[in-house]
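Please keep the sequence and the structure in view while reading.

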Amino acid sequence: MLKPAARIEQAVTFQAMEVTKQAQTLREQGRDIISLGIGEPDFTAPQIVVDTLNKASAAGLSGYSPALGITPLRICLADYYNKEFGTNISYEQIIITTGASGALSLACLSLLNHGDELLMPDPYYPANFNFILCSGATTKLIPCGPEERFQLSAEKIAANWGANTRGILIASPSNPTGTSVTPEELRKIIDFVKSKDGFVILDEIYLGLNYEGEVKSGLTLDKDILVINSFSKFFNMTGWRLGWIIAPKDFIPHIEKLSSSLNICAPTLAQHAAIACFSDEAMQIYRERKQAFKERRDYLLTELARLNLPVPVKPDGAFYIYVDISHYSDNSMDFCHRLLNEAGIAVTPGVDFGPAWANKMIRISYATAIDRLKEAIARLEKFLPTIK
Ligand SMILES: Cc1ncc(COP(=O)(O)O)c(C=O)c1O
């Protein structure tokens, strides 16, 4: 009889994936389910990226790549960050990973020892708990509310920094809230963490999907932080499993050492194809899609307010809205379960993102076409009076 390791029991379950599984079962039974659960763009890679993939495949470029990734892609990424997000980095600071998931896992494994503690805001991206767990460290969640945009503040980090605390992990814009840390607060956070000789992991996976003016990378504030990013969100390539870490140049060999045995490399054909993401043709498409996301967000914010579903902080990025359901329910699992089964709408319960807001909030992902969002609002309007 196989006996699972203790960490399997300690690991958190990713409810968004569970909701997706249930939604799929209902679809197979012939139900029309609107998917506002999982954080996956409804767009796919632009044609030029697919064509480049096919060419790379035909040319036989499908062997292992260097553990750091192919150099032309690393150069494209450094140029992209320097041009779009105000940084001054070299391609040698970049390692290509299997999505941001692979990047987060490598970051935790490279920085944390057994018994260390990492601070995160609550609400947070739940998979991080498991990356930290697998590194032998522990997570300390700090409840954060609307007054700080559901993000960590320097003050709260200082109040929670303990003897075993080694660093912090934040996503900006965040999942599940779509809210960003202001540059002023991030400056204070980095200064405090550095004063403790700690580290900052900044997950910028939604950078580029910002809807309120120009945004810079956290690397413009400090060159020593470790930045995570991915082709999954802005580039609409979830299943291609490509991401990257930007780290100080002298730290890259440490990550490379682990990655070369844990992964050998990130998918090589996907790496060759991803170079085409930076062509003018693809970038134009991405900019248009970003505009479509913004329109969806604005549509939903108006409609949710009308339906008495408040959004405590207007999201400035990503494709999520963190919605207060307390006028209708004090149990987010039950609310989501009924919404899925009775109205055919899949959303993610607040319990997925930490205990602080577990039952008061749900997450709506608007990575779904506007006509489906309109249909979802019409269904919600009928559903809500039935659960009061
Ligand atoms: C904040 C955040 N980080 C990391 C990931 C993982 O993304 P991927 O592994 O697809 O790049 C996600 C996915 O939803 C996310 O929301």
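Helices (H or I, at least four residues) and strands (E, at least two) are DSSP runs, numbered from the N terminus. The model is a predicted one, in which local features need pLDDT of at least 70 and side-chain atom pairs count only at pLDDT 80 or more, while totals for chains, interfaces and linings use all residues. Residues are numbered from 1 along each chain as its sequence is written, and side-chain values use heavy atoms, with hydrogens and water left out.

**The ligand site**

The ligand has 13 residues around it, of which Ala100, Ser101, Asp203, Tyr206 and Ser230 come nearest; a residue counts as near if one of its heavy atoms lies within 4 Å of the molecule. Helix H5 (residues 99–111) gives the largest share of this shell, with four residues. Sorted by class, the shell holds five nonpolar, five polar and three charged residues, where Ala, Val, Leu, Ile, Met, Phe, Trp, Tyr, Cys and Pro count as nonpolar, Asp, Glu, Lys and Arg as charged, and the others, Gly among them, as polar.

| Residue | Distance to a ligand oxygen atom |
|---|---|
| Tyr206 | 2.6 Å |
| Ser230 | 2.6 Å |
| Lys233 | 2.7 Å |

Taken alone, the ligand exposes 400 Å², and the protein buries 93% of that, with accessible areas taken from the Shrake-Rupley method with a 1.4 Å probe.

**The annotated domain and backbone details**

An unreviewed UniProt entry carries the annotation "domain: Aminotransferase class I/classII large" for residues 32–380, and such annotations may be inferred rather than shown by experiment. Over residues 32–380 the chain is 39% helix and 15% strand, with the end C-alpha atoms 14 Å apart.

The loop between strand E5 (165–171) and helix H8 (183–195) contains Pro173, which is joined to Ser172 by a cis peptide bond with omega of about -5 degrees. Pro176 also has its place in the loop between E5 and H8, and a cis peptide bond with omega of about 25 degrees joins Asn175 to Pro176. In the loop between H8 and strand E6 (199–203) lies Asp197, whose phi is positive, at about 65 degrees, although Asp197 is not a glycine.

Technical notes:
Polar contact = N/O pair within 3.5 Å; in protein donor to acceptor, adjacent residues only side chain to side chain.
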